[in-house]
Amino acid sequence: MEQLNFLIGEWIGTSKVYENGVVVKQGSAYEKISYDLDKSILVIELNTEFLQLHTIVYYDDKDQKYYYYRFSKSGVARYPAEYKDGQLIVWRDEKTRFFFRRTPEGGFQEYGEQLNNGQWTKIFEDTFKNTQ
């Protein structure tokens with residue numbers, strides 16, 4: 001779990017939703033990320049003008065894998081994840097993935113991509129600065 005320390009903090013930023021490479025929604029975003037249960041889980045609370053999520057990231061020692069549990073008003077989902085090249089990569093399915101990575105300015109970026117006709121296309125992007 002220590003690999004994910006770069007996510008810890010209270011973050012403000014901008015959330016963008018894309019369709020066919022064009023921004024169709026944009027708004028303010030707030031995200032609070034902290035450890036819980038003696039650093040055995042990472043809790044992510046996301047609030048934007050058009051999306052609210054409560055997410056838990058858990059590392060399973062037995063499987064040697066991360067799992068991303070996403071809770072929203074519409075339900076819950078569990079996706080496998082991996083820490084690779086300094087970023088957390090979440091796989092919703094074979095054609096949809098989410099990235100959590102540091103930015104050069106000391107913030108972090110979260111974005112999603114979908115595979116369409118053999119090419120990865122960005123579907124959303126959240127860029128944050130730490131408020132602490």
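Author: Asn-20 counts as exposed because its relative accessibility is 79%. Here buried means under 20% relative accessible area, exposed over 50%, and partly exposed in between, with a 1.4 Å probe and protein chains only. This is a predicted model, in which local features need pLDDT of at least 70 and side-chain atom pairs count only at pLDDT 80 or more, while totals for chains, interfaces and linings use all residues. Residues are numbered from 1 along each chain as its sequence is written, and side-chain values use heavy atoms, leaving out hydrogens and water.

Reader: Where is Asn-20 placed, and what is its phi?

Author: Most residues other than glycine have a negative phi. Asn-20 has a positive one, near 55°, and lies in the loop between strand 1 (9-19) and strand 2 (22-36). Strands (E, at least two residues) and helices (H or I, at least four) are DSSP runs, numbered from the N terminus.

Reader: Is Gln-64 buried or exposed, and where is it found?

Author: Gln-64 is exposed, because its relative accessibility is 56%. Gln-64 sits in the loop between strand 4 (52-60) and strand 5 (65-72), with a positive phi near 60°.

Reader: How many bridges join strand 5 to strand 6?

Author: Two strands pair if DSSP finds at least two bridges between them. Strand 5 and strand 6 (residues 75-84) run antiparallel and are joined by seven. They form a hairpin with two residues between them, and Tyr-66 stands opposite Ala-81 in strand 6.

Reader: Which residue of strand 7 stands opposite Ala-81?

Author: That residue is Val-90. Strand 6 and strand 7 (residues 87-93) run antiparallel, with four bridges. In the turn of their hairpin, Asp-85 has a positive phi of about 55°.
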